Amino acid sequence: MPAVVRSAAKPAKVSDAAAAATKNPKRTAHMNAPAQPDGYSADDVARHCAKDDAWVIVGDGVYDITEWIPRHPGGSIPLVQYAGRDMTDAFRAYHSPNGKAAKTLNAYRIGDFTGAGSRAGSECESPKDHLATASGDSVGSVASSDTAAPHVAAFRALVAGLEGEFRTDYRHYYKLFACLAALFAASVWCAVGEGHGVWTHMLGAVLLGVFWQQTMFIGHDAGHGAITHDHAKDFFIGLIVGNLCNGVGITWWTTTHNVHHCACNSLECDPDIQHMPVLSVTPKYFDSVWSLYHQRRMTFDRAARFLVSVQHYSFYPIMAVARFNLYAQSLILLLTSKEIKNKRRALEICVMGLYFTWLGALVSRLPANERLGFLLLSHAVGGIIHVQICLSHFSRKIFDGRPENNKWVEMQLDGTMDIDCPPWLDWFHGGLQFQTEHHLVPRMPRHKLRRFREEVVKPFCDEHGLKHDCPSFWEANVEVWRTLKASAEAAKLSPAFVHAVNLEG
């Protein structure tokens, strides 16, 4: 898998953007930006760091994306997180340089990025800082240095040369769909077959749980547009495997997951590590941190202190029933989000209704005294995927604030880890064993990740002195358990002591 550097399409000039904006009146707000024939520095961009005044850097251009934020198909929060910052790597991780997203972005171009800046590291001076809490507390408004490490340019060149590798071998998915259809049929036969006893019924529950786990992997692939690389087609696949087969909304999944990827293991920004009051991966959450994603303060009160103090014992039981929470979260988002179009909202709710219909019909065929056991066992087996997701991040480095300029590679390497396993076990992990590679380049098809790691990512890390972690499945579980135990023990300490520790980092 050679990293061949290809010439990327040159971004549109300001005049091109103006012409595009003229055709579409909705895209004219950015034209009010002050004329700057010499381009804009990082300092200039950093002043526009609010949701209602958002500039970003992508490549050699500066873009005013304020009007685009509420219409972004991937949700508004990933763009809000990068307001006033360089989002080159985040954009290229998700979008082709010549695709629809790149053409849309070009319509918002306001000038060239000069790269110069003397105030890097200063706080966002906008009085409308979107990360200010109701109490006035600032949440991670500090930008990093504009000076990029040598590996940044090398990584961008590497990604530019990978476009041809993003093509999917559909035989991989044909085999998967055939196996999953057989697995589901076997589960139904065990549950409703004539003359079957309780043990056969429970075997059906296990098979159904495995079916859920494996189809969730496909939903994960579809959510990233990593199957057909056409978002409309992948949304349809996600609707089938997510809403219909699992009762988990594909829009909920992509909304949370995009934020997670773009701010991996951020204390305030990443919803995948924000599980207060039941779990806390770091004592820093004891300061009742404000969540940008949830738009609320995650209060560390007496109940949270008790729940966190026993989290190293409750973690696996919680994972066994975590699917029920996903049902609720999916429905809450669909019913309350103002960013979801009504047609999509209605479609997803209807398809989720079909899921609960077929699951209810299946369970109703069982003897009354076995129904609860069937549901709990199937959900516990299906909950293995929740453990697998947590393994990749819970024990990794947590950083404060929003993503930093030119830190995409470090953020993903620090916030993720692979799971060492033989190729014959790849089916069990569903691609999550290559989380580092997946986070660096989310568009890479799952079946190519092993080769991508061995031939590209590991040599790249070795060349640039970057650490790549890959413990075994057992070792990863131990790391997560120890992380949870450390926070649990800290929860029992006095609040004053914990606060002092957090201030010292």
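The points below cover the basis of the model, the overall fold, and the charged residues.

1. This is a predicted model, in which local features need pLDDT of at least 70 and side-chain atom pairs count only at pLDDT 80 or more, whereas totals for chains, interfaces and linings use all residues. Residues are numbered from 1 along each chain as its sequence is written, and side-chain values use heavy atoms, with hydrogens and water left out.

2. The protein chain comprises 22 helices and 7 strands, taken as DSSP runs numbered from the N terminus (helices: H or I, at least four residues; strands: E, at least two). Among contacts in the protein chain with a separation of 6 or more, 73% join residues 24 or more positions apart, a contact being heavy atoms within 4.5 Å.

3. Of the 505 residues in the protein chain, 55% are buried, where buried means under 20% relative accessible area, exposed over 50%, and partly exposed in between (1.4 Å probe, protein chains only). The chain exposes about 22,300 Å², of which carbon and sulfur atoms supply 61%; accessible areas come from the Shrake-Rupley method with a 1.4 Å probe, and for residues only the protein chains shown count as cover.

4. The count of salt bridges comes to 18, each being a side-chain nitrogen of Lys or Arg within 4 Å of a carboxyl oxygen of Asp or Glu. One of them joins Asp44 to Arg47, with the closest N and O atoms 3.0 Å apart; Asp44 is buried at 19% relative accessible area, while Arg47 is partly exposed at 37%.

5. Arg453 and Glu454 form a further salt bridge, again with the closest N and O atoms 3.0 Å apart, and here Arg453 is buried at 2% relative accessible area whereas Glu454 is partly exposed at 39%. Both residues belong to a network of salt bridges that links Asp418, Arg453, Glu454 and Lys458.

6. Which residue forms a salt bridge with Lys467? The partner is Asp469, the closest N and O atoms being 3.8 Å apart; Lys467 counts as exposed at 62% relative accessibility, and Asp469 is buried at 18%.

7. A surface patch of positive charge gathers Lys100, Lys341, Lys343 and Arg344. Patches are made of residues with over 30% relative accessible area and no salt bridge, like charges being joined within 9 Å and nonpolar side chains (Val, Leu, Ile, Met, Phe, Trp, Tyr) within 5 Å. Lys341 lies in the loop between helix H13 (322-336) and helix H14 (342-364), and Lys341 is exposed, with a relative accessible area of 67%.

Methods: Lys, Arg positive; Asp, Glu negative; His and termini not counted. Charge placed at Lys NZ, Arg CZ, Asp CG, Glu CD.
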